[in-house]
Amino acid sequence: MALLKILQYPDKRLHTVAKPIETVDDTIRRLAADMAETMYAAPGVGLAATQVDHHLRLIVIDVSEEKNRLLTLVNPVILAKDGESVHEEGCLSVPGIYEKVTRAEHIQVRAQGLDGQHFEFEAEGLLAVCVQHEIDHLNGKVFVEYLSRLKQDRIRTKLVKQQRETM
Ligand code: NI
């Protein structure tokens, strides 16, 4: 397994719309394993393939305290959503920035597992937030884009400065 490099906002590649995965093969399983390793090492609770510059519809999530409930979703789709809730979100591609975002409170999701089999589940709370945040990445959207233009400009300036200092 290998640690992958995580793209940092405002990298334009984060706005790429990911393509569906046609066949869940060993290449996909290896990418998913590398993404999980990268997420745990960061540490983070979710990572989308977009963030490691692979533009395929694949996400990994683990919102458990013990970090032992890895959820890998291939081609995830939100079938239904209801309610509203506000959570403070962060993102491995936007280090050090935490902002409140309003999302659906409950969602119903359909996806494939690493065996290629389809399954459905319902989520709420942190898991629901995380699934919505990661699917946004697959659609080329970063969570800061829910914020005001002024806040986005401030965040962009701060991160560009940070990245220049660490180069
Ligand atoms: Ni993110």
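**Figure 1. His133, a buried residue of the predicted model.** His133 has a relative accessible area of 6% and is buried (buried means under 20% relative accessible area, exposed over 50%, partly exposed in between, with a 1.4 Å probe and protein chains only). This is a predicted model, in which local features need pLDDT of at least 70 and side-chain atom pairs count only at pLDDT 80 or more, while totals for chains, interfaces and linings use all residues. Residues are numbered from 1 along each chain as its sequence is written, and side-chain values use heavy atoms, with hydrogens and water left out. Helix α2 holds His133 (helices are DSSP runs of H or I with at least four residues, strands are runs of E with at least two, and both are numbered from the N terminus). Leaving aside residues up to four places away in sequence, His133 touches Glu89, Gly90, Cys91, Arg103 and Phe143 (contact means heavy atoms within 4.5 Å). Arg103 is 30 residues from His133 along the chain, and their C-alpha atoms are separated by 9.0 Å.

**Figure 2. The nickel site.** Cys91 (SG), His133 (NE2) and His137 (NE2) coordinate the nickel ion at 2.1 to 2.2 Å. Donors are N, O and S atoms within 2.8 Å of the metal (3.2 Å for Na, K and Ca); water is not among the atoms, so sites may look incomplete. Along the chain, the donor spacing reads C-x41-H-x3-H. His133 and His137 are 4 residues apart in helix α2 (residues 125–138), so about one helical turn separates them. Both His133 and His137 are buried.

**Figure 3. Two cis peptide bonds.** Most peptide bonds are trans. The bond from Tyr9 to Pro10 is cis, with omega near 5°. Pro10 sits in the segment before α1 (26–41). The bond from Ala42 to Pro43 is also cis, with omega near -5°. Pro43 belongs to the loop between α1 and β1 (46–48).

Figure 4. Most residues other than glycine have a negative phi. Asp53 is not a glycine, yet its phi is positive, about 65°. The loop between β1 and β2 (58–61) contains Asp53. Its relative accessibility is 31%, so Asp53 counts as partly exposed. Asn75, not a glycine either, has a positive phi of about 50°. Asn75 lies in strand β3 (residues 71–82). With a relative accessible area of 16%, Asn75 is buried.

**Figure 5. The fold around these sites.** The protein has 3 helices and 7 strands. From the N terminus on, their order is α-β-β-β-β-β-β-β-α-α. The radius of gyration is 15 Å, close to the 15 Å that the globule rule gives for 167 residues, so the protein is as compact as a globular protein of that length (the radius is taken over C-alpha atoms, and the rule is 2.2 Å times the number of residues to the power 0.38). Along the principal axes, the C-alpha atoms fill a box of roughly 45 × 40 × 30 Å. Buried residues make up 43% of the 167. Of the contacts between residues at least 6 apart in sequence, 64% join residues at least 24 apart.
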